[in-house]
Each structure stands twice: as C-alpha cells, then as structure tokens.
Amino acid sequence: MFKGLILQKNDDGTTHASFQDIEASRLPAGDVEIQIAYSTLNYKDALAITGKGPVVRHWPMVPGIDLAGIVLNSSDASFEPGTAVLVNGHGMGEMHWGGLAEKARVPAAWLTKLPQALSNRDAMAIGTAGYTAMLSVLALHRQGIHPDSGPILVTGANGGVGSFAIALLARRGYHVVASTGRTDKANRLQLLGAKEIIDRQSLGEKGKPLQKELWAGAIDSVGSHTLANVCAQMRYGGVVTACGLAQGLDFQATVAPFILRGVALIGIDSVYAPKALRDEAWQCLAKETDPAMLSTISAEIPLNQTIEAAQDLLAGKITGRVLVKVGA
Ligand code: NDP
C-alpha cells in the first residue's frame, strides 16, 4: 500500500479529491517503479484537483505532472534500483498516474537521470515551472536573442514560470523587465533579478496591432490579450515565447508584428519536449540554478495540504512555486 491523492469523477461531472491508501497493484503499467520523494503543485495540477479545468482524461487519477525520486525496481537495464530520477509531463496527472503519491510506475523513456548537482528536492523546487522557463530561455538564445540584444519582458512574473524565467535570464546577463499584477511584490522580483517592474494592467486589455517598440525578447506565460500586446510591442526581429494561458486560451492578435517587424512567436511545450532538449534544459538548470534563488521561489508543503493549496493557487494567493514533500 502507498499513500496518494486520488481524483474521482462524481456523477454530476464534478471532481472529488481525497487522500487514500492505494494498493501497489493498481499502479499503471510501466518499466520503472519509483519511490517518490518530492512533487510539485502546478497550475495544471490545481485545475485537475479542483476540477476547474478539463485536465484529467482517465479516472480515477493521481494528479501531479512531475516527480523526483529513487528507482525501486526496473525492467530497463539503464535504470538500476537506487538511481535518482525525475519525470516531467508525458501526460502524467492527465492520462497516467502522476507525482502526488508515494509511488509511481512509468515507461523508462519518460525518465531523466537527476543531474549530479541536484538533489530530489532541488529538482522539484525547480519542477516543471523552472524547466519550462529554461526551455523558454533556450528558445530565445537559439533564435539569436542575447544579453546585448535589449530588454526582455517576462509576464506572469510572480508565478512559477515567470519567477524562474526572471532568475535564469538575469543570471545569463539579460536586462529583465517583469510584468505583474502584484506590484507590492516588486522587491521579490528585484531580488530574483528584475531590473524594472511594470503593472500587468498595461497589457491586459485589447490593444493596437502595432505599439511602441520596447522588447527584444519576451517570455509569456499569460496568453490572451497580454500575449497579443506583447507581440505588438516587440522591437524589429524580436522573439516571443508562449507557454501559458493564465489570462486565457484566446489570442486575438493581427499578423502585423510578424509581417512588418519580423517578430517570431515560438511555442513552448514541456510535456512532450524531445529527450535531447529535456536533457539540455536540465543540465543547464543544474549549472545555472542558485540554491538561494530556489528558497526564494519555492515554499514546501506536505502531501496532505495539496487540495487546499490547489484552491489557493487558482485564487492567485500563492507566490512562486509549491514544492510538495511526498516521502517521510
Ligand atoms: P502560476 O499560477 O504560478 O503563475 C501564473 C501567473 O500569471 C500568476 O502568478 C500571475 O502573475 C499571472 N496571472 C494570473 N492570472 C492572470 C490574469 N488573469 N491576467 C494576467 N496575468 C495573470 O502558474 P505557472 O507559472 O506554473 O504557469 C503559468 C502558465 O504556464 C499556466 O497557464 C500553465 O498552465 C502554463 N504552463 C505551460 C507549460 C507548457 O509546457 N507549455 C508548462 C508549465 C506551465 P502576477 O501575479 O505576477 O501577475
């Protein structure tokens, strides 16, 4: 038996979340069984746990889109028992039981060996948010946006992805401008490395197709009008990465920034990112993550507080990342 958070669908379509003792025989098929040490609570997990978004596609479901732990047993020779591993995405917490439980079983192809510099706790303090932020930073770099290109805007700045994006960009020497609705937390954003703070209201309403050219690059986790306005404010040849929908799934923009200013819009997907890109991102995170920054960004909770924390996350009451300690 192991403890875990189980989501069940009620007859009226709502979601029931409860902590249960689960038979190990109920674990889904996979090559590798993992003793989970830490998981995290992401926006997607909060939608799944509260039932406020159609995240779960098979019931019952253990939520948790990421996990870090130790291999207990494996039918794949590349993962011996005792190996420290992490998993992000691949439909965990949506179609395959995820990380908010003491055990998981997954296909070997989903696993990343933990870089030596990172503990299980570090890996999940970074979690999917930090990994997605790094995928975004790597995308800007690949598109030729370097620290001397000009200012980089980060939206959703006080969120998990935004906080990491600020810290990672600042460490690489970029001039980072943070857009937030919580300007009272400006000090926190400056500590992470933001040089300027703007109020997200200036981006949140429908705007003109082309606006004053401000940014060389942008990392957006907000979507909707915010993303459209960010595109409209890019300098000639600027690059925007889009990974999220905290404001909305819609994107009511014109092609003007793309055809008149050569702006590039790059989609970021952490769930099915190819293995080489995952490994590159985690190796960079191991090198570039400052332990002091991790404690600024992440707050730890035990597994049995995740339902309450999910509600707080969607209510915008949480700053930064929620690290979930699963093991004893
Ligand atoms: P968080 O909830 O931690 O942060 C989201 C932030 O967005 C908030 O902190 C807030 O920042 C801002 N925000 C919230 N609501 C609004 C609004 N109505 N208008 C404008 N800004 C708003 O989430 P994460 O950082 O973990 O994830 C951000 C997004 O990225 C989510 O949509 C998530 O699903 C997505 N995501 C996508 C991934 C992928 O693979 N593509 C991977 C990981 C996340 P502030 O208070 O500073 O204004």
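I began with the strands: β4 (residues 66-74) and β5 run antiparallel, joined by 5 bridges. Strands and helices here are DSSP runs numbered from the N terminus, strands being E of at least two residues and helices H or I of at least four. Two strands pair if DSSP finds at least two bridges between them.

Before going on, I noted that this is a predicted model, where local features need pLDDT of at least 70, side-chain atom pairs count only at pLDDT 80 or more, and totals for chains, interfaces and linings use all residues. Residues are numbered from 1 along each chain as its sequence is written, and side-chain values use heavy atoms, with hydrogens and water left out.

Back to β5 (residues 84-88). I found 4 of its 5 residues buried (under 20% relative accessible area; exposed is over 50%, partly exposed in between; 1.4 Å probe, protein chains only). Its Val85 is the bridge partner of Gly69. Val85 also stands opposite Lys113 in β7; β5 and β7 (residues 112-113) pair in the antiparallel sense over 2 bridges.

Next I checked Ser74, in strand β4. Ser74 counts as partly exposed because its relative accessibility is 25%. Setting aside neighbours within four places in sequence, Ser74 is in contact with Asp31, Val32 and Phe79 (heavy atoms within 4.5 Å).

Then the helices. The axes of α2 (residues 120-142) and α8 (residues 275-288) come within 9 Å and cross at roughly 110 degrees, so α2 is roughly perpendicular to α8. Axes are lines fitted to C-alpha atoms, for helices over the stretch in contact, with angles from 0 to 180 degrees between N-to-C directions; under 35 degrees is roughly parallel, over 145 roughly antiparallel, 65 to 115 roughly perpendicular, the rest oblique. Among the contact residues are Met134 of α2 and Trp282 of α8. By class I get 11 nonpolar, 2 polar and 4 charged residues (Ala, Val, Leu, Ile, Met, Phe, Trp, Tyr, Cys and Pro are nonpolar; Asp, Glu, Lys and Arg charged; the others, including Gly, polar).

Which residues of the largest nonpolar core touch the most other members? Of its 50 residues, they are Met134, Ile166, Leu169 and Trp282. Such a core is a set of buried Ala, Val, Leu, Ile, Met, Phe, Trp, Tyr and Cys residues joined through side-chain atoms within 4.5 Å. Helix α2 gives the largest share, 13 residues. A second, separate core of 42 residues includes Phe2, Ile22, Ile34 and Leu100.

Last, Trp282: beyond its neighbours within four places in sequence, its contacts include Leu86, Thr112 and Ile126.
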